[in-house]
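Subject: Structure for you to look at

Hello,

Here is the structure I promised to pass on. Please open it first, then read my notes below.

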Amino acid sequence: MTWTIVVGVKQVPDADEVGIDPDTGRLDRANAPAVMNPPDRNALEAALELRDTVGGSVLVITMGPPNATSVLEEAIAMGCDDAVLVSDRAFAGSDTWPTSLTLARAAETLEADVVLCGEETTDSSTGQVPPGIAAHNGWAQLTYAEELEPQPDEGRLVARRDVEGGYEVVAAQLPVVVAVAYGEFDPRPAGLHRKIFAENDFEPREWTAADLDIEDEVGLDVSPTAVGTMETVEPVERRSEIVDSVDALLEPLEETEVVG
C-alpha cells in the first residue's frame with residue numbers, strides 16, 4: 001500500500017518585517033516580503049521521508065492569493081510531486097476555522113491518507129489549523145510530532161510526541177492529520193534540476209471555493225474570531241543594582257510589611 005501524503009503550507013510575511021495596523025488590529029503585510037512559513041519546511045521534510053519509506057506521492061496545498069504559488073514552487077523544488085493553489089476572493093478575512101475547513105475539503109478531495117502541517121504559523125501562532133482539519137473531516141490527529149514511524153501493513157502512523165516533562169509514543173489509524181514539531185525533520189536542500197523545473201515548467205492546479213463547494217462557509221462573515229481593542233503600551237523602565245552579599249539582597253525583603 002502506498003500513501004497519498006498531503007502537506008499544507010502557507011505564505012507568510014517575514015516575521016522580522018511585519019507590523020500591526022493600529023486601526024484594524026490586523027497584520028500589516030504590505031511592507032513585509034512574503035516567505036514560506038518556516039515550520040512548514042519541517043512538515044515538508046517529514047512528508048518526503050514518509051514517501052521515501054512507504055512510497056506514494058507528496059502533494060502540497062496552500063490557501064492564498066495568486067502570488068502564493070511561490071511557496072508551492074519551493075516545495076516542488078524540494079522534491080514534492082504536485083501542488084494545488086486554493087485561491088478565491090471569497091476566502092478574504094477567513095480566520096482559522098474556515099481556513100481549516102478549506103484545507104480539510106482540499107485534503108479530502110485529494111484522498112489524503114496523511115496530512116502534515118507545521119506546528120503553527122509565524123503570522124498568527126495559534127496552532128489551530130491542523131486540529132481544525134482533523135475536526136472538520138473527523139480524522140485522527142497527532143500533534144507536536146518529533147518522530148514518525150509508518151506502519152503501512154496496519155494502516156497506521158506512530159508518532160513520538162513532545163509533551164511537558166518528556167515525550168509519549170502514540171499511534172493513529174489513517175487518515176490522520178499530523179502537526180510536526182518546529183525544529184524537527186531538518187529540511188533537505190532543493191536540487192538544481194528541481195529548482196529549474198519548479199521555476200520554468202511547473203504549473204500548480206488551482207481550485208476556488210466553488211470547486212470545493214464551500215462558498216457560503218468561508219470568509220470574514222463566518223469567522224468567529226474578532227479583534228477587540230488595541231493600544232500601544234510603553235516599555236516599563238527597569239532598574240538594576242549590584243549587591244555584594246546575600247544579606248544585602250535580603251534586606252529589602254526584611255523591610256517589607258507582611259499583611260495577612
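Among contacts in the protein between residues at least 6 apart in sequence, what percentage join residues at least 24 apart? The share is 72%. Contact here means heavy atoms within 4.5 Å.

Some ground rules first. This is a predicted model, in which local features need pLDDT of at least 70, side-chain atom pairs count only at pLDDT 80 or more, and totals for chains, interfaces and linings use all residues. Residues are numbered from 1 along each chain as its sequence is written, and side-chain values use heavy atoms, with hydrogens and water left out.

Overall layout
The protein has six helices and 13 strands. These are DSSP runs, numbered from the N terminus: helices are H or I with at least four residues, strands are E with at least two. The C-alpha trace spans about 70 × 45 × 40 Å along its principal axes. Of the 260 residues, 42% are buried. Buried means under 20% relative accessible area, exposed means over 50%, and partly exposed is in between (1.4 Å probe, protein chains only).

The cores
A nonpolar core is a set of buried Ala, Val, Leu, Ile, Met, Phe, Trp, Tyr and Cys residues joined through side-chain atoms within 4.5 Å. The largest one has 39 residues. Leu44, Val114, Leu116, Leu148, Leu157 and Val178 touch the most other members. Helix 1 (residues 38-54) gives the most to this core, with seven residues. Another core, of 26 residues, lies apart from it; Met63, Ala107, Cys117 and Ile133 are among its members.

Asp40
Asp40 also lies in helix 1. Is Asp40 buried or exposed? Asp40 counts as buried, because its relative accessibility is 3%. Leaving out residues up to four places away in sequence, Asp40 touches Gly8, Val9, Lys10 and Gly118. Val7 is 33 residues from Asp40 along the chain, yet their C-alpha atoms are separated by 8.2 Å.

The aromatic pair
Rings of Phe, Tyr and Trp (its six-membered ring) pair if their centres lie within 6.5 Å; planes under 30 degrees apart count as stacked, over 60 as edge-to-face and the rest as tilted. The count comes to one aromatic pair. The rings of Phe197 and Phe202 have centres 6.3 Å apart and planes at 55°, so the pair is tilted. Phe197 counts as partly exposed, at 33% relative accessibility. Phe202 counts as buried, at 9%.

Best wishes
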